[in-house]
Amino acid sequence: MFDTLTALPSDPILGLMTKYREDTHANKIDLGVGVYKDEVGHTPILACVKKAEQHRIDTEETKVYIGPTGSANFNALLTELAFGKSNPALLANRIRTVSTPGGTGALRVAADFIVRASQLTASQKAVIWVSDPTWANHTGLFEAAGIEVKTYPYYDYDSKSLKFDEMKAALSQVGPDDVVLLHACCHNPSGMDLNEAQWDQIIEITQQQGFTPLIDMAYQGFGVGVDEDAYGVRKMAASVDNMILCSSCSKNFGLYRERIGACSIVGKDANSANVAFSVLLYVVRCIYSMPPAHGAAIVETILGSEELKQEWLAELKVMRDRINGNRSMLVNKLIEKGVKRDFGFIAQQKGMFSFLGVNSQQVERLQQEHSIYMVDSSRISIAGIGLANVDYLAESIAKIL
Ligand code: LMR
């Protein structure tokens, strides 16, 4: 049976990790996968995480199954962090959350939930609209669940800005049976976010068209701050009957390999949220039965202690400030190296990524001739830049331009 298989190319993002590891160049730079790195290129374990983990080791009493919802305490605390304590949807008991294996797990749960929630005949597929461009794995993930993926205009590669009018025009044609995926903040891969006034307009279109918004929030706290980054999530939840949120604790808690995230659904009232929740639990059981517990235990210990929460917020700010500092540092260094092209947009964008805006041959040359690794689209992970490599990076970019 396996003889019918043909080999697939490696993942456009994860494949770079292997190539980078195998490269022996002394000045190699990894701008590939979206993980935070400190000045020396290390992805540290946060101090608050270390403390919470110690607390877990000292107090954990059993490894018995946790159940499909995961930890109820984690779910409640993460729901508050995402939606805000006083969100009308939360106060009206309209939100239900399950812990998931990372943000990708949350998206897969959401995908299977969407298929079950859609009234489809045997030949029909549920439809999700994603931004053009979007995270490289969104399309494969939804298609794997049997959902048809369509795109709406989002990023203008020429002007390095948002195609906001085109985005609005496209979403104004989407019908009530479809789902629209929006990035809460730190748009991956463009770094181009909606501002509050733009979110307000998208929320109005959502209400008017009646489609279901699915918001992917993988970088809460990496843009402006945990509350600011959740503006769209919070206002959307308070404004529409149905919504799905997929969150991740990989980046903001640095818990990448612990695989912890959450999928939340907002129902039009408590009863319909309960019905939707029963479907969500069924979906979870069919995919992986129940989520891992360790990452959730760490996050709930941090969010449940005012002292650890403040420590986490301070550590998150350090990561955010370093990334924003790297953005300006690269732009200034390119000017210093005599590059005439305007890269100022990189300093304006938010979160872990921006497109450098060079073509795929130039991306290839950066990799082959300079051992600088980025996704083919020229998406760069800003956290991979540092004082020690920015000169070499800017010189190499100047050469391939
Ligand atoms: C990325 O976009 O680099 C991250 O979200 C990691 C991943 O799984 O792709």
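1. The protein chain has 401 residues, for which a compact globule would have a radius of gyration near 21 Å; the chain has 21 Å, which agrees. That radius is taken over C-alpha atoms, and the globule rule is 2.2 Å times the number of residues to the power 0.38. Along its principal axes the C-alpha trace spans about 60 × 55 × 55 Å.

2. This is a predicted model, in which local features need pLDDT of at least 70 and side-chain atom pairs count only at pLDDT 80 or more, while totals for chains, interfaces and linings use all residues. Residues are numbered from 1 along each chain as its sequence is written, and side-chain values use heavy atoms, with hydrogens and water left out.

3. The protein chain holds 15 helices and 13 strands; these are DSSP runs numbered from the N terminus, helices being H or I of at least four residues and strands E of at least two. Among contacts (heavy atoms within 4.5 Å) between residues at least 6 apart in sequence, 75% join residues at least 24 apart.

4. Of the 401 residues, 54% count as buried. Buried means under 20% relative accessible area, exposed over 50%, and partly exposed in between, with a 1.4 Å probe and protein chains only. The chain exposes about 18000 Å², and carbon and sulfur atoms supply 52% of that area. Areas come from the Shrake-Rupley method with a 1.4 Å probe.

5. On charge, the mean positions of the 38 positive and 46 negative charges are 1 Å apart. Lys and Arg count as positive and Asp and Glu as negative, with His and the chain ends not counted; each charge is placed at NZ of Lys, CZ of Arg, CG of Asp or CD of Glu.

6. Helix 15 covers residues 390–400, and its buried residues are Val390, Tyr392, Leu393, Ala394, Ser396, Ile397 and Ile400. They pack against strand 1 (29–30), helix 12 (306–336), helix 14 (360–370) and strand 12 (372–373).

7. The count of aromatic pairs comes to eight. Rings of Phe, Tyr and Trp (its six-membered ring) pair if their centres lie within 6.5 Å; planes under 30 degrees apart count as stacked, over 60 as edge-to-face and the rest as tilted. Tyr157 and Phe355 form a tilted pair, at 5.2 Å centre to centre and with 45° between the planes. Tyr157 lies in the loop between strand 5 (155–156) and strand 6 (161–162) and Phe355 in strand 11 (residues 353–355), so the pair ties together parts 198 residues apart in sequence. Tyr157 is partly exposed at 40% relative accessible area, whereas Phe355 is buried at 3%.

8. A stacked pair is formed by Phe253 and Trp312, with ring centres 4.2 Å apart and planes at 5°. Phe253 lies in the loop between strand 9 (243–248) and strand 10 (261–266) and Trp312 in helix 12, so this pair ties together parts 59 residues apart in sequence. Phe253 is buried, with a relative accessible area of 0%, and Trp312 is buried, also with 0%.

9. Gly102 is found in helix 5 (residues 102–117) and is buried at 0% relative accessibility. Not counting residues up to four places away in sequence, Gly102 touches Ser247, Arg259, Ile260 and Gly261.

10. Gln198 lies in helix 8 (residues 196–209) and, at 16% relative accessibility, counts as buried. Leaving aside neighbours within four places in sequence, Gln198 is in contact with Leu162, Phe164 and Asp193.
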